[in-house]
Amino acid sequence: MDATEAAAGRIEPTRRETARALGSAMIGNWFELFDFIIYGYFAAQIGHAMFPAADPVTIILSSFATYGVGFVMRPVGGVVLGHFGDLYGRKSALVFTMLLMAGATGATGLIPAYATIGIAAPILLVVCRLLQGFAAGGEWGGATTFLVEYAPPHRRGFYGALQQLSTSVAILSALGTSLLLNALLTEQQMIDWGWRIPFLLGFLVAPVGFYLRRSVRETPRYRAASEDRSASPIREVIAHHRGAVANVFGIAIIWCVAGYTFGAFLISYATELLHIERGTVLLAITAGTLVNLAVIPLAGLLSDRFGRKPFLVASATGFLLLVFPLFHAMAVYQAPWTIYATAITAGILSGLYSGCAPTFLCELLPTRVRYSALSVGYNGAVMLFGGFAPFIATLLIQQTGALAAPSFYVMSAAALTLVFLLRLKAPDQATALDR
């Protein structure tokens, strides 16, 4: 790298380097997110295997509490791995997250049931979820930073959207796996051993992602900023970028709550509480996910032309206004069409947000601490508002007796995010990453 390149703040990658970078980031992100979220799609079966109880709601609560525990470690992983990624490179941190996620996922699939080893079963399950959470805490911020820093300025929104596109593909993969296993196995077989299969499969595909991440070059912007790297990124974030981290946190609130409410929670809600056939529910959520897949890249492309903030505001407003009617319809009619309507509406609104938010958040932060600050802010929101969303939604139903009660949690999250968005001036898209 010469002085001119360093001063320009970039080293333009070749087309081959860019293609390899996009592939490694997206495939790696797909693998890690599949491993992390698959738990939610088998929460009911895992609950029966690991948390025996007579009350179905208590079983769901126990299982989702363990699901949420993984999110407690996400900010920790974000701090440690974000600091490491700003100090030594995005690539090294992302390789480590993949290895850790693979190990914890494979171990989850091998834990004996409560009937075999007693209380040790849920304890081991919690340990594995904590390790998964630590790895996921470094993955999201790293993959997002990696993709956006590889993007040309006029395609930055689209590149950032690809990160969320791979996340939606991971969700679709988890849904497909759940549909297939539920079609092939009986309910008792799913409880006895069927739920273990996706965890073991997730572990087996890890070598592919590991190879791709090891073979890719560091991002052009990180290499160009070699003379301007922070000696202690996380300390600098705390001392000088608390406001930016707070904005990342606030903007991510509705994103996290909606994602986990209309993803993992909706399956157990519709099957266990509305008594709708599980295959029908999974097909409805699959339809919503396919719509989401179509909207995400389109929103990213449009954000490069029209700005990112208008799409974020429109999405959050949509959740605020539409979520109660959707939950009310599901509670009153308890019919498959209400699940389809809810899943597709959520897919559209989440797609608008996911297509713009990754790049928008990166543009709020300077290169020298981008990975750290992004990981701390986003994972803080995931821990407090996203990871425990299924648990809180179920608890609201248990305490109020109202099947539409989860809507109030989503509406509150949307209102909070709108406060942050409306008071924040959008960064200049042309120059935002040149810091």
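Thr289 is buried, with a relative accessible area of 8%, where buried means under 20% relative accessible area, exposed over 50% and partly exposed in between, for a 1.4 Å probe and protein chains only. The model is predicted, and local features need pLDDT of at least 70, side-chain atom pairs count only at pLDDT 80 or more, and totals for chains, interfaces and linings use all residues. Residues are numbered from 1 along each chain as its sequence is written, and side-chain values use heavy atoms, with hydrogens and water left out.

Thr289 belongs to helix H16, helices being DSSP runs of H or I with at least four residues, numbered from the N terminus. When residues up to four places away in sequence are not counted, Thr289 touches Ser168, Ile171, Leu172 and Leu175, contact meaning heavy atoms within 4.5 Å. Leu181, which lies in helix H9 (residues 156–184), is likewise described as buried, with a relative accessible area of 8%. Apart from neighbours within four places in sequence, Leu181 is in contact with Phe42, Met190, Gly194, Ile197 and Pro198. Between Leu181 and Ala402 the separation is 221 residues in sequence and 32 Å in space, C-alpha to C-alpha.

Two packed helices are described by the angle between their axes and the distance between the axes. Here the axes are lines fitted to C-alpha atoms, for helices over the stretch in contact, with angles from 0 to 180 degrees between N-to-C directions. Helix H15 (residues 242–273) packs against helix H16 (residues 278–306) at an angle of about 150°, the axes being 9 Å apart. H15 and H16 are therefore roughly antiparallel to each other, given that angles under 35 degrees count as roughly parallel, over 145 as roughly antiparallel, 65 to 115 as roughly perpendicular and the rest as oblique. The crossing of H15 and H16 is right-handed, a term used if the near helix is turned clockwise from the far one by less than a right angle, and left-handed if anticlockwise. On the H15 side, Gly263, Leu266, Ile267, Ala270 and Thr271 meet Arg278, Val281, Leu282 and Ile285 of H16.

With helix H17 (residues 309–333), the axis of H15 comes within 12 Å and crosses at roughly 15°, which makes H15 roughly parallel to H17. This crossing of H15 and H17 is left-handed. The residues of H15 in the contact include Ile254, Phe262 and Tyr269, while those of H17 include Phe319, Val323 and Phe327.

Aromatic rings of Phe, Tyr and Trp (its six-membered ring) pair if their centres lie within 6.5 Å, with planes under 30 degrees apart counting as stacked, over 60 as edge-to-face and the rest as tilted. By this rule there are 16 aromatic pairs. The rings of Tyr333 and Trp337 have centres 5.6 Å apart and planes at 50°, so this pair is tilted. Ring pairs also link Phe262, Phe265, Tyr269, Phe319 and Phe327 into a cluster.

Most residues other than glycine have a negative phi. His275 has a positive phi of about 60° although it is not a glycine, and Gln334, also a residue other than glycine, has a positive phi near 45°. His275 sits in the loop between H15 and H16, whereas Gln334 sits in the loop between H17 and helix H18 (336–362). Accessibilities for these two residues and for Tyr333 are tabulated below.

| Residue | Relative accessibility | Class |
|---|---|---|
| His275 | 64% | exposed |
| Gln334 | 34% | partly exposed |
| Tyr333 | 54% | exposed |
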